[in-house]
Amino acid sequence: MASLGGVTGPSIEGRPRAEAGSEVAISARGITKSFGEVHALSGVDIDVTRGTVLGLLGPNGAGKTTFVRVLTTLLKPDGGSARVAGLDVVADAAALRASIGLAGQYAAVDENLTGLENLTMVGRLYGRPRAAAKARGRELLERFDLLEAANRPVKTYSGGMRRRLDLAAALVVSPPVLFLDEPTTGLDPRSRLGLWEVIEGLVAEGTTLLLTTQYLEEADRLADRIAVIDHGRVIAEGTATELKARVGGLRLEVTLEAGADRPAALAALAGVGSDEPVLEDGLLKVSVAERAGTIVAAVTSLSAAGVGVDDIILRSPTLDDVFLSLTGHGAEDGTDPESRP
Ligand SMILES: Nc1ncnc2c1ncn2[C@@H]1O[C@H](COP(=O)(O)OP(=O)(O)O)[C@@H](O)[C@H]1O
Ligand SMILES: [Mg+2]
């Protein structure tokens, strides 16, 4: 497999090792992977700077899990090359596995031990003193709303509780590079918030994180940079602000009164917006170039056309607008068959 200029660095001993000095923690070039006729990845390029969070944002079936599996050595790519922490995902797979974290990968949870015993054990395995390992275990159990079940054997846990414990187990120590594949899918809002806080803590300590998500809000909150993936390709990349700026302008949204004349409303707004107005479920949307005077102009025009309005707002574009304008469909389309309640 070809090495990547600027990212590789042969060790003095001739043995691959994780590179402390490299600024790029994850780098992929032209990664392809097919399953029979399905092109899950069609040439993915990505760079993640050390100590930052990349949000890989895409709908169900976009190729997120396949990409994470390639980067974590669980799946060999058909083509292309990738390095994580300076190690090649194919040639240095064994060394790489030791320096990354991946929720769900190890299934290390022991059914007969309690939640707290499990987390303490993981900390001990990584060389933490018993008291520190136990304290971290308690902290994580609290974050994931499992404190009440801390002293129950895991075999009594529900599916959702196991999933949260598995996430907690992956977060006991901060590995140099961490992969979280849709970590909050199926989590209750409180555990989701708990996870976000744990993640922010790990990143503050220097962990590089690649996080996949279908949730725009999550990418917006956690990620330094976002790569939008659809049909096995990265179709846009940048900060949330940059991506939103690509869509440009502002969004005018008008909630029509029940029974309002919709064609008349569309026609009335055509002169106000900078693109074609669209109507979705009684909500009229159009891009506008300027803030000043827009609401007055819209209300005047709608009123002249005899269209009743319940609400009217002017807002900045969201990542959902970005996704829609890039792909023609929403990011949160479809449901994840792997998600559990
Ligand atoms: N082991 C597999 N065998 C066959 N098809 C697969 C396999 N894994 C993934 N796919 C297909 O590859 C595409 C990408 O899947 P995946 O990487 O799981 O997407 P995501 O995680 O973004 O939902 C989908 O069309 C999926 O059905
Ligand atoms: Mg997936």
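Which residues are exposed on the other side of α9? Keep that in mind while loading the chain, which is a predicted model.

Start with the whole chain. The chain holds 11 helices and 14 strands, and 47% of its 341 residues count as buried. Among contacts with a separation of 6 or more, 66% are between residues 24 or more positions apart.

Next, select helix α9, residues 262-270. Its buried residues are Ala264, Ala265, Ala268 and Leu269. These four lie on the same side of α9 because they cover an arc of only 125° around the axis. An α-helix has 3.6 residues a turn, so residues three or four places apart point the same way. Now turn to the other side of α9: Pro263 and Ala267 are exposed there, which settles the opening question.

Then go to the start of α9 and show the side chain of Asp261. One of its side-chain oxygens comes to within 3.2 Å of the backbone nitrogen of Ala264, itself one of the buried residues of α9.

Finally, select helix α4 (residues 130-143) and helix α6 (residues 189-204). Their axes come within 8 Å and cross at roughly 140°; α4 and α6 are therefore oblique to each other. On the α4 side of the contact, show Arg136, Leu140 and Arg143. On the α6 side, show Arg190, Ser191, Gly194, Glu197, Val198 and Leu202. Colored by class, the residues of this contact come out as four charged, three nonpolar and two polar.

Notes
Residues are numbered from 1 along each chain as its sequence is written. Chains are lettered from A and ligands numbered from 1 in the order in which they are written. This is a predicted model: local features need pLDDT of at least 70, side-chain atom pairs count only at pLDDT 80 or more; totals for chains, interfaces and linings use all residues. Side-chain values use heavy atoms; hydrogens and water are left out. Buried means under 20% relative accessible area, exposed over 50%, partly exposed in between (1.4 Å probe, protein chains only). Helices (H or I, at least four residues) and strands (E, at least two) are DSSP runs, numbered from the N terminus. The arc is that of the directions from the helix axis to the C-beta atoms. A polar contact is a pair of N or O atoms within 3.5 Å; within protein, one must be able to donate a hydrogen and the other to accept it, and residues adjacent in sequence count only if both atoms are side-chain atoms. Axes are lines fitted to C-alpha atoms, for helices over the stretch in contact, and angles run from 0 to 180 degrees between N-to-C directions. Angles under 35 degrees count as roughly parallel, over 145 as roughly antiparallel, 65 to 115 as roughly perpendicular and the rest as oblique. Contact means heavy atoms within 4.5 Å. Ala, Val, Leu, Ile, Met, Phe, Trp, Tyr, Cys and Pro count as nonpolar, Asp, Glu, Lys and Arg as charged, and the others, Gly among them, as polar.
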